[in-house]
Amino acid sequence: MKKIEAIIKPFKLDEVREALSEVGVTGLTVTEVKGFGRQKGHTELYRGAEYVVDFLPKIKIEIVVAESTVEPAIEAIIKSARTGKIGDGKIFVTPVEQIVRIRTGETDESAI
């Protein structure tokens, strides 16, 4: 099992969710986050004063999938989240040692 974390632009969330659903991902966790990479933030004007916005709003999606679903899920995220512009985001894949569904006590792949 693998955990896939994707940092994407907020307006791409619905497209990514639909694409993941099409490849068989049944659940995901979404968090509103802020950050910057090469995009570096930008300058805004507020009441005549200029200020720098260092951290840009992003969406973090977390899913845990079986090994066989990792590549299709990554491809779905890339295809649906890409705009071709700086700041499209990143995908991180890490191993998951154990999963336990609290309600039933099911473990590992049956708990996904």
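Residues are numbered from 1 along each chain as its sequence is written. Because the model is predicted, local features need pLDDT of at least 70 and side-chain atom pairs count only at pLDDT 80 or more, while totals for chains, interfaces and linings use all residues; side-chain values use heavy atoms, with hydrogens and water left out.

Beyond its neighbours within four places in sequence, alanine 6 is in contact with Ile59, Lys60, Ile61, Ile77, Lys90 and Ile91, where contact means heavy atoms within 4.5 Å. Lysine 60 is 54 residues away along the chain, yet the C-alpha atoms of this residue and alanine 6 are separated by 5.6 Å.

Lysine 60 also takes part in a salt bridge, with the side chain of glutamate 5 (3.1 Å, N to O). Glutamate 5 lies in β1 and lysine 60 in β5 (residues 56-65), so the pair ties together parts that are 55 residues apart in sequence. Glutamate 5 counts as buried at 18% relative accessibility, whereas lysine 60, at 22%, counts as partly exposed. In total there are five salt bridges, each defined as a side-chain nitrogen of Lys or Arg within 4 Å of a carboxyl oxygen of Asp or Glu.

Another of these joins lysine 9 to aspartate 88, with the closest N and O atoms 3.8 Å apart. Lysine 9 sits in the loop between β1 and α1 (13-22), and aspartate 88 in the loop between α2 (70-81) and β6 (89-95), 79 residues apart. Both lysine 9 and aspartate 88 are buried. Glutamate 106 and arginine 101 form a further salt bridge, at 2.8 Å between the closest N and O atoms. Here glutamate 106 is partly exposed, with a relative accessible area of 31%, and arginine 101 is partly exposed at 27%.

Turning to helix α1, its buried residues are Val16, Ala19 and Leu20. Viewed down the helix axis, they fall within an arc of 100°, so they line one face of α1; the arc is that of the directions from the axis to the C-beta atoms. These buried residues pack against β1, β5 and α2. Following α1 comes glycine 24, with a positive phi near 95°.

Note on methods:
Helix = DSSP H or I, 4+ residues; strand = E, 2+ residues; numbered from the N terminus. Buried < 20%, exposed > 50% of the residue type's maximum accessible area, 1.4 Å probe, protein only.
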